[in-house]
Amino acid sequence: MQFMLLFSRQGKLRLQKWYVPLSDKEKKKITRELVQTVLARKPKMCSFLEWRDLKIVYKRYASLYFCCAIEDQDNELITLEIIHRYVELLDKYFGSVCELDIIFNFEKAYFILDEFLLGGEVQETSKKNVLKAIEQADLLQEKTETMYHSKSFIGCKKAY
Amino acid sequence: MSDIVEKTLTALPGLFLQNQPAGGPAAPKASFSSRLGGLVRGITALTSKHEEEKLIQQELNNLKATVSAPTTTLKMMKECMVRLIYCEMLGYDASFGYIHAIKLAQQGNLLEKRVGYLAVSLFLHENHELLLLLVNTVVKDLQSTNLVEVCMALTIVSQIFPREMIPAVLPLIEDKLQHSKEIIRRKAVLALYKFYLIAPNQVQHIHIKFRKALCDRDVGVMAASLHIYLRMIKENSSAYKDLTGSFVTILKQVVGGKLPVDFNYHSVPAPWLQIQLLRILGLLGKDDQRTSELMYDVLDESLRRAELNHNVTYAILFECVHTVYSIYPKSELLEKAAKCIGKFVLSPKINLKYLGLKALTYVIQQDPTLALQHQMTIIECLDHPDPIIKRETLELLYRITNAQNVTVIVQKMLEYLHQSKEEYIIVNLFESILVLNTVDTYAPDNAWFIQTMNAVFSVGGDVMHPDIPNNFLRLLAEGFDDETEDQHLRLYAVQSYLTLLDMENAFYPQRFLQVMSWVLGEYSYLLEKEKPEDVITRLYKLLMNDSISSETKAWLFAAVIKLTPQAHSSNLVERLIQEFTISLDTCMRQHAFELKYLHENIELMKSLFPVDKSCEEMVVDASLSFLDGFVAEGLSQGAAPYKPHHQRQEEKLSQEKGDFFHETSSLKLEGIKKLWGKEGYLPKKESKIGDEVEAPPIPQENLTIENMDQVITKRDQSQVLTQSKEEKEKQLLASSLFVGLGSEGTINLLGKADTVSHKFRRKSKGKEAQREETTSAHSVTCSSLSSLSKVTCENNYLNTFSQLLDSESLTELPLVEKLSDCSLSAPSLFADNDMEIFHPPPSTAASVAKGISLYMHSNLMEVCNNEAVSISSYKIWKDDCLLMVWSVASKSGSELKSANLEIFPAENFKITEQLGCCLPVVEAESTRNFQYSVHLEKPFTEGNLSGFINYQLMDTHSVQLEFSINLSLLDFIRPLKISTEDFGKLWLSFANDVKQNIKTSESQAALPSALKTLQQKLRLHVIDIIGNEGLLACQMLPSVPCLLHCRVHTNVIALWFRSSCSSLPDYLSYQCQKVMEGS
């Protein structure tokens, strides 16, 4: 996979992960073009796009678009399932995830992504194992957290 | 759900207000942790982009102050990082925080470290100079006893790591492969995968450990190792054939549901693993019957098991079909795969339909009948509202184009072009159309050909590749076999352009106008009714048009110049001269003055611009001999003799010795800055073109289905009552599209082929042929050499050959090349008895062999043997390729009968057999030699050639013996002879560089001896030695240059490589190290 973008229906970028070295200018250009192209597509259209020499695989979940760029010989359908598995992981972690969870805890979303995909390749396909890895890190995090402060940082999300 | 989100967003400000006072005792912390929330809330409340910019700029200023304040705690720093990441995501520059992200990863506790590493991975790319500062932290964390820290370090290494620092962490990561926790082992494997991607040579030695990872008891670790294997097998499948069995067994276990349930995805066992394995098997089984046979069973089972109606099973099926069609074919499997494709194509789900079309496009070359089966679906897809489906359908049609359906298909492509706005697709389609029009020679008639090209030029003239109009013009100029037909074509083009130009208010792209002006200038003389003046009038009108670019005007002016000698009255030309001699455009003014001068001397003009001579070779006196008298006069009057540029430069250099060092030191600074050289986003257009051109014609045999017409008549009978008008139209379209695919169509095609193909086959004019031959001369050197030797033997010419062998020119120019150049024109030269030709003695073979032995070659080495024969081989490093010689000797000295040697095709090489007997060893009846020239197609790290020999001794039956031989990239490295000045220029233009320090024992004489070693062992060319610095250059065949700059400090030699190829410096530095440490 070359990169993954999450953006809202209004075209706001929510998460970006680049697996190929590109300049900031190039990244911005790609993001702008892709967001425009994907948002212009009608709901019943194909989830795949040919774009430059890449294949774009995208899927909309509620108000969020998940968008991956793969190479021509890669499997489009399994990429759709990669997106779906990521959404499942987010869902399990946040408990029925919504766009707000990702906006306010985007670093968590990145941590989960890094446990699932590493360097553009699928690292771990077992849902249980991914979440276990995240929970382990979180647990340590919470311990250090409680050592310094009484209130948990993770609890913040529940406030709204 | 989205509605809910929107509602929540509008309610946000209130919620935050409620939230904030609740902070209580933890007030400082709360204010920080909700800072991101505050920022997000602030941005959401804004209405304009301008306000957002202002707010974020303010935020960034605050952050800048906070991160650089000494009182900021790491805890606060963590919060700042999160907000910085957010600002960067919105597209604002937060580069001031990068260094703090690295610090946070270095100094923070676990929680802060985690955010620090995340920020680093998001902010930096792998060539960023700050990344070097992270290396120590990574090393420390890799040695930590805390698992989470180790995991974090491995995660960052697998994402970004500076290539030159790999040796610092490699041993630590290798250790982790034996770690007791599977998550650590898994991440370590992925880190090694990353290293393999950025510097394959550095992990060459741990291949054995990859095998261990493949056999790991944990599924995750094993799956991770497949990423590496997929990549390695893609590069060199022959080296991993022995693993086929293991991959098949793993796939069998996965398909059979033997994995833990955790790995199931929607009750399908480990789909990602399955797909990875299927791709690997596809690569291994390609063109290899024996390996393919091992996997038939498991593929069959995969096809059978994937019956659940879920997307993920379709993903597996698709991969399976792909594999079945990639490996050595088996009819049963193909049948099943074809059925699967049918399921895709006929699916109502649009994603599956798209993949069905994609699969059809892939298999169509092997099985054109599949397209016939699905023709109605394909027709429907042609008018699909989703452009991506249309595009894929056109791609499919492109592959089934033949002489009969070309009109309809090109028509459809043009329709698509008119609608499409995407530049990339347009460019690709143009190429397809042009290929159909010209190369494949399917065009039915002149009018159609010109009209199609007109349409293509007027739609996309400005976005197309400049080669397209150039090729078109060359085609017109060189013509086809039939001269009268060519004139018709040209005349038609001229007439159609005049009509287009006469249209009111028409606007054409500049490129199209350029094409028109060239054609009008060259071929207006073919017009019967209209005079050249009329054409000039039209060109004049265009020249006066302000919307036309000055480049196009130059083309137009050139056309006017060509037409002027043919015109009878010159009023208009004079007016033109008048207007443009005062033009502000210097270029136009120049043209106008040229025309003015020529116009005054019409005879000269006629000889300069003859009619219809665009294909004639122009003879130019490049030595400017007509100026000799002038020069002699100048010299006799005391003028200084002329010195060429490089000579002046050299003299200047030697005068200001030492200046070069300043230059190099300033070069270094530039080199550091130039991190973003050529690795930007470059669409691989060239390879695409190649693919399309190579698309083989549809095989016409093995058509099992009844032909098209019969299918249609059958349908007509059964559906004649229910058929609507629309459907009839579709069927009509179908019959015009798929014609020629059925069996009867084949006959038609063959019948018609003669008339069509000879008309549009490119004429091989003498000049053209010669040019082509000279360019291909490199590859045919050897064969033409042997043919030349035969010719000369027969003619019994006398021997100046051996003298030539000793003459100095040969050491400079490769002998073989010289010979082959001559052989091109050999017959006529022999007839003329021209003295340029060599006159070899009757024993040509031996002396040619002597010629060959001028090249460096390796020692004879036995590659395999048995009781009867022994096969040895050696390499000859020729200037343009690697020549492999296998020598088969029978041990008993008896005659080898019908010995036959074959080399398997290898992925990175182009191997061609060389006939002839150019060998330094004496040929005996008991020895047979085989020669193959090996050309490099793609850089590689490890390669081998394998093959087998079939032979028969006196009275035994035939025996087969297999062998293989290793090739190294060094076999394709040749010295590059350039001047110091060129070195400087090239050095600046290369973006990929690698530096390495090597310790030597001796200090003073180190440089000359080291350079000598490099020159001898690695075939680098020593350009210059300046004080303690040395400049060397080499090239990887066919012509990828690599430069080396060496500098000696006390007892360390600093090597600095630069090249246009990214992997070459890496490889060479590794080799240099090996050679120098060995010496």
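Two strands pair if DSSP finds at least two bridges between them. Helices (H or I, at least four residues) and strands (E, at least two) are DSSP runs, numbered from the N terminus. This is a predicted model: local features need pLDDT of at least 70, side-chain atom pairs count only at pLDDT 80 or more, and totals for chains, interfaces and linings use all residues. Residues are numbered from 1 along each chain as its sequence is written, chains are lettered from A and ligands numbered from 1 in the order in which they are written, and side-chain values use heavy atoms, leaving out hydrogens and water.

**View 1. Strand β1 of chain A and its two partners.** In β2(A) (residues 13-18), A:Gln16 is the bridge partner of A:Leu5. Five bridges join β1(A) and β2(A), antiparallel. Four residues lie between these strands in the hairpin, where A:Gly11 takes a positive phi near 85°. β1(A) also runs antiparallel to β5(A) (residues 64-70), over six bridges. There, A:Ser8 has A:Leu64 as its bridge partner.

**View 2. The two covered faces of β1(A).** Six of the six residues of β1(A) (residues 3-8) are buried (under 20% relative accessible area; exposed is over 50%, partly exposed in between; 1.4 Å probe, protein chains only). In a regular strand, side chains alternate between the two faces of the sheet. One side holds A:Phe3, A:Leu5 and A:Phe7; the other holds A:Met4, A:Leu6 and A:Ser8.

**View 3. A positive patch on the surface of chain A.** A:Lys25, A:Lys28, A:Lys29 and A:Arg32 gather here. Patch residues have over 30% relative accessible area and no salt bridge; like charges are joined within 9 Å, nonpolar side chains (Val, Leu, Ile, Met, Phe, Trp, Tyr) within 5 Å. A:Lys25 lies in helix α1(A), residues 24-39. A:Lys25 is exposed, at 72% relative accessible area.

**View 4. A salt bridge between chains.** The closest N and O atoms of B:Asp386 and A:Arg41 are 2.9 Å apart (a salt bridge is a side-chain nitrogen of Lys or Arg within 4 Å of a carboxyl oxygen of Asp or Glu). B:Asp386 sits in the loop between α21 and α22 of chain B and A:Arg41 in the loop between α1 and β3 of chain A, so the pair joins two chains. Both residues are buried.

**View 5. Two salt bridges within chain B.** B:Lys875 and B:Asp971 meet at 2.8 Å, N to O. They lie 96 residues apart, B:Lys875 in β5(B) and B:Asp971 in the loop between β11 and β12 of chain B. Both are buried. B:Lys985 and B:Glu981 meet at 4.0 Å. Four residues separate them in helix α47(B), about one helical turn. B:Lys985 is exposed (54%); B:Glu981 is partly exposed (21%).

Terms used. Areas by Shrake-Rupley, 256 points an atom, 1.4 Å probe, with all protein chains shown as cover. Lys, Arg positive; Asp, Glu negative; His and termini not counted. Charge placed at Lys NZ, Arg CZ, Asp CG, Glu CD.
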